[in-house]
Number of protein chains: 2
Amino acid sequence: MSQRPLILVTNDDGITAPGIRALIQVMNLIGDVVVVAPDSPQSAMGHAITINSTLHCNQMKNVVGPQKEYQCSGTPADCVKLAINELMDRKPDICVSGVNHGSNSSINVVYSGTMSAAIEAGIQGIPAIGFSLLDYRWDADFEPIKPFIEKITRAAIKNEQRADVVLNVNFPALEEGEIKGIRICRQAKANWVEKFDKRQSPLGRDYYWLTGEFINEDKCQDTDEWALKEGYISLVPTQFDLTAHHAIQELNNWGFEK
Amino acid sequence: MSQRPLILVTNDDGITAPGIRALIQVMNLIGDVVVVAPDSPQSAMGHAITINSTLHCNQMKNVVGPQKEYQCSGTPADCVKLAINELMDRKPDICVSGVNHGSNSSINVVYSGTMSAAIEAGIQGIPAIGFSLLDYRWDADFEPIKPFIEKITRAAIKNEQRADVVLNVNFPALEEGEIKGIRICRQAKANWVEKFDKRQSPLGRDYYWLTGEFINEDKCQDTDEWALKEGYISLVPTQFDLTAHHAIQELNNWGFEK
């Protein structure tokens, strides 16, 4: 790549989130940056897209930095579709999503708007990385992870990352010197055990808040959960071919053929 | 299984959709049915869940049939979580989702609320099947596919389907006699090429409608797209471990280790 790479930046916490500001700062070191992000928080939106409603999009004024910025009324996946097919002059060389305020490791990848934006870019043929920090707070400290974000993004460009393998990167909430390095991992077989907090509105109507406990019974040392617990950055190659190829033979034995 | 199976029925088109009515009718032949479905259409919601807002849920009155029915304000995945963790007396033996008005074959599985509900059940340890008919119309004819829905569901129960392999079943829009049979397939490598239809509101504000064209360049005969085009029902085993295991070795060569 002779010219500076064209980088699409998006997220799911919304365009005003500190996490995307940190990501933009790093990407300005690497290439020409276009930001297309939701105009409001879209956490846990999974791979939702807007097909039964309209989308609004506005270019931001008074941006601090050289990047172009657009805010969009849709979901993270909508933002990526709109960026690539309508807003950008040419296809971006890479798409980065985040930095998410909170973990997208293990089964959380399924619910994650951050990762769905990255996966949408992959579906569109663009190499993509989702970045998440294990700190849910709005004022989480993104400084310690900036050098690693730069390193991983430059490596993805240099190694000509495949579009059909999207990188899911999670950072432990540690100081830069405490982070032990980067581990290539698989998604841990963990899940949430939900509880619903049942309450009553002032008018006496029942409603629920979803809460839950994250349970990881996958104790192997090749998982993202293990790496993060040990102080490593986890990097899980993630795909959007959901076929359970190993199950095809078994299903052929169910006797459906005429 | 000595007693009648307990069956959770859900969908993404909403509790009033003809597709879920057809599914309920078939499931009443097989077991004891509890319906927990969205109170409004939730197409293309992907695996969205509601974490920043509350959920409402009401049991339906004047139900036609022996099943219990609940409508819920959340997404398809919310409905499954609420059903399993709050509304049902015991874990269901199987969860069926649909019948969706429209295809969820190939890459559509990623955007599908129907399949995200089934996948959520799988994550919760419950065998699950998503059913979709390749006819988007509200008055689509579900009669021809009812015998096949019954056959596939009974086979899943008899063969003790694994919870970590969710079945994605799509039906061609054909008469019963024209359907050639059931094929076990992989997800075709196809995608949408989006176009945004840009319009102006009466007040002069720009907005967009997402449209697109489905492009399938995967011509192999083991895909869901091929099966459907040839008049077969496609059945794709689907997983929620998104790890691209084949890419781990390649990424280890990027030289991240300290």
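Mentor: With a definition: axes are lines fitted to C-alpha atoms, for helices over the stretch in contact, and angles run from 0 to 180 degrees between N-to-C directions. Keep in mind that this is a predicted model.

Trainee: What makes helix 2 of chain A roughly parallel to helix 4 of chain A?

Mentor: Helix 2 (residues 76–87) and helix 4 (residues 113–123) of chain A pack at an angle of about 30°, their axes being 7 Å apart. Angles under 35 degrees count as roughly parallel, so helix 2 of chain A is roughly parallel to helix 4 of chain A. Their crossing is right-handed.

Trainee: Which residues make that contact?

Mentor: Helix 2 of chain A contributes A:Pro76, A:Ala77, A:Cys79, A:Val80 and A:Lys81, and helix 4 of chain A contributes A:Gly113, A:Thr114, A:Ser116, A:Ala117, A:Glu120 and A:Ala121. By class, six residues are nonpolar, three polar and two charged.

Trainee: How many residues of chain A are in contact with chain B?

Mentor: 60 residues of chain A are in contact with 60 residues of chain B. Among the elements of chain A that each supply at least two residues to this side are helix 2, helix 4, strand 9 (190–200) and strand 10 (206–216). The side of chain A divides into 34 nonpolar, 18 polar and eight charged residues.

Trainee: Which members of the largest nonpolar core touch the most other members?

Mentor: Of its 151 residues, they are A:Val9, A:Leu23, A:Val36, B:Val9, B:Leu23 and B:Val36. B:Val9 touches residues including B:Ile20, B:Met27 and B:Val96, leaving aside those up to four places away in sequence.

Technical notes: Residues are numbered from 1 along each chain as its sequence is written. Chains are lettered from A and ligands numbered from 1 in the order in which they are written. This is a predicted model: local features need pLDDT of at least 70, side-chain atom pairs count only at pLDDT 80 or more; totals for chains, interfaces and linings use all residues. A nonpolar core is a set of buried Ala, Val, Leu, Ile, Met, Phe, Trp, Tyr and Cys residues joined through C-beta atoms within 7 Å. A residue is buried if 20 or more other C-beta atoms lie within 10 Å of its own, exposed if 12 or fewer, and partly exposed in between; C-beta atoms are placed from the backbone. Two residues are in contact if their C-beta atoms, placed from the backbone, lie within 7 Å. Helices (H or I, at least four residues) and strands (E, at least two) are DSSP runs, numbered from the N terminus. Angles under 35 degrees count as roughly parallel, over 145 as roughly antiparallel, 65 to 115 as roughly perpendicular and the rest as oblique. A crossing is left-handed if the near helix is turned anticlockwise from the far one by less than a right angle, and right-handed if clockwise. Ala, Val, Leu, Ile, Met, Phe, Trp, Tyr, Cys and Pro count as nonpolar, Asp, Glu, Lys and Arg as charged, and the others, Gly among them, as polar.
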